[in-house]
Each structure stands twice: as C-alpha cells, then as structure tokens.
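Hi,

Here is the model we talked about, with the notes I promised. Have a look at it first, then read on.

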Amino acid sequence: MAIIKANYSLKGGSAKASVRYIENRPGKDGAKLQRTLFTADGKVERAEVYAMIDQAAKGSYFFRIVISPDPQREDSDKNLSLREITERTIQSLEDRFQCPLQWVAAVHADHTDTWHIHAIAIVPERLNVQDFQGMRSAATEEAREQRRQLYLIREARERSQEQGEGLELGLSW
C-alpha cells in the first residue's frame, strides 16, 4: 500500500520554501541537483509556481504531500510512472472538492532507494482522515494498475520471444 505523508501551512512563504526544497534537495552524497517541477499540464518553472502561490485565494491551505508507492510490493523494479501516480492521487482530492486544484510536484528518485514524489497542493480547507485514505487508495490503485500493465507487457514479450525462437529453429532445420 502506498504511503502518503503531509503537513500544511497557511503562508505562501512557507510554500515557496517547499518549492525550493522539492526542486533542489541534494542528492546522494550531497550532490547538487535541480529536479524538474511539473503540474498536470507538464513541466513548469519555479517562477510560475511562485505566481500560482501568490494568486492563491485568501485562506488557502498549502499542503506539502509525499507520495511513495510500496517499494517491495508496488515499485520493486523502480519502473512505475510516479508522475501518473501523483496525478491520480491529486485527482482524488479534486473529486472530493469538486474543482480543479493547483499543485506542483517533483520526483525524488536519486537520494534514497525508496522513490517518491514531493508535491505541494493548494486546497480550500484542511484535509481530513477520509481525504488521506482516498489519496492512499488512489496512489495504491494506480501503482497496482501500472504494475499489472507492466506484467502483461513483459508476458507478451516473453511469449513473442519464445514463438520467434521456435520459428527460427523450425526454419534452420
């Protein structure tokens, strides 16, 4: 089951500091890195994210969310699309609030063996236990669906290779 962790701030300055963190957190051995920030619309620059934060409605909550698929059961091969998992997780919040939410995220797959996403979502009110359960379920379902699709692709390739080898052997006699 995916892990969801979050905390929030009511201050845009704290949200901007979080943007800098998710973009620039040092990699392994303190290596300097700059990760790609993205939203549902694709890659985004930090200045655009700052403008999004500045334009947030008064009283908005800036939730810092960490999304991590289970490293043994869901992402053991480190080949899931964390971006898709993020989009599905945020979609669960959009469904709950019945409106599009502003958010930004970055993949952190370089400083720990447990790949994860850091996201900042601007929401109109505090999240509750059901919201967290919904996000965890959405992330887990997306990870499992991706794992299932990857398994089917691998099985199809293996069958294709076996059939191809059989044909080659048949032709060589």
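To start with a quick one: is Asp29 buried or exposed? Asp29 counts as exposed, because its relative accessibility is 85% (buried means under 20% relative accessible area, exposed over 50%, partly exposed in between, with a 1.4 Å probe and protein chains only).

Before the rest, two notes on conventions. This is a predicted model, where local features need pLDDT of at least 70 and side-chain atom pairs count only at pLDDT 80 or more, while totals for chains, interfaces and linings use all residues. Residues are numbered from 1 along each chain as its sequence is written, and side-chain values use heavy atoms, with hydrogens and water left out.

Back to Asp29, which sits in the loop between helix 1 and strand 2 (37–39). Helices (H or I, at least four residues) and strands (E, at least two) are DSSP runs, numbered from the N terminus. Asp29 has a positive phi, near 55°, and is not a glycine. Lys78 also has a positive phi near 55° without being glycine. Lys78 belongs to the loop between strand 4 and helix 3 and is partly exposed, at 26% relative accessible area. As background, most residues other than glycine have a negative phi.

Now the cores. A nonpolar core here is a set of buried Ala, Val, Leu, Ile, Met, Phe, Trp, Tyr and Cys residues joined through side-chain atoms within 4.5 Å. The largest one has 24 residues, and Ile65, Ile67, Ile85, Leu93, Ile117, Val123 and Leu127 are those with the most contacts inside it. At least two residues of this core come from each of strand 4 (61–68), helix 3 (82–97), strand 5 (102–108), strand 6 (116–123) and helix 4 (129–172). Helix 3 gives the largest share, 5 residues. There is also a second, separate core of 14 residues, with Ala15, Leu37, Val49 and Ile120 among them. In general, nonpolar side chains of soluble globular proteins tend to be buried together.

Helix 3 is worth a walk along its length. Contact from here on means heavy atoms within 4.5 Å.

- Arg83 lies in helix 3 and is partly exposed, with a relative accessible area of 31%. Not counting residues up to four places away in sequence, Arg83 touches Phe38, Thr39, Ala40, Asp41 and Gly42. Its C-alpha is 8.0 Å from that of Ile117, 34 residues apart along the chain.
- Ile85, leaving aside neighbours within four places in sequence, is in contact with Ile67, Pro69, Leu80, Ala139, Glu142, Ala143 and Gln146.
- Thr89, in helix 3, counts as buried because its relative accessibility is 0%. Thr89 and Thr112 are 23 residues apart in sequence, and their C-alpha atoms are 22 Å apart.
- Gln91, again in helix 3, is partly exposed at 36% relative accessible area. C-alpha to C-alpha, Gln91 and Met135 are 8.5 Å apart in space and 44 residues apart in sequence.

Next, how do helix 1 and helix 2 pack? The axes of helix 1 (residues 12–24) and helix 2 (residues 46–54) come within 10 Å and cross at roughly 155°. Axes are lines fitted to C-alpha atoms, for helices over the stretch in contact, with angles from 0 to 180 degrees between N-to-C directions. The two helices are therefore roughly antiparallel (angles under 35 degrees count as roughly parallel, over 145 as roughly antiparallel, 65 to 115 as roughly perpendicular and the rest as oblique). On the residue level, Gly12, Ala15, Lys16, Val19, Arg20, Glu23 and Asn24 in helix 1 meet Arg46, Val49, Tyr50, Ile53 and Asp54 in helix 2.

Leaving aside neighbours within four places in sequence, Glu23 is in contact with Leu33, Gln34, Arg35, Leu37 and Arg46.

Cheers
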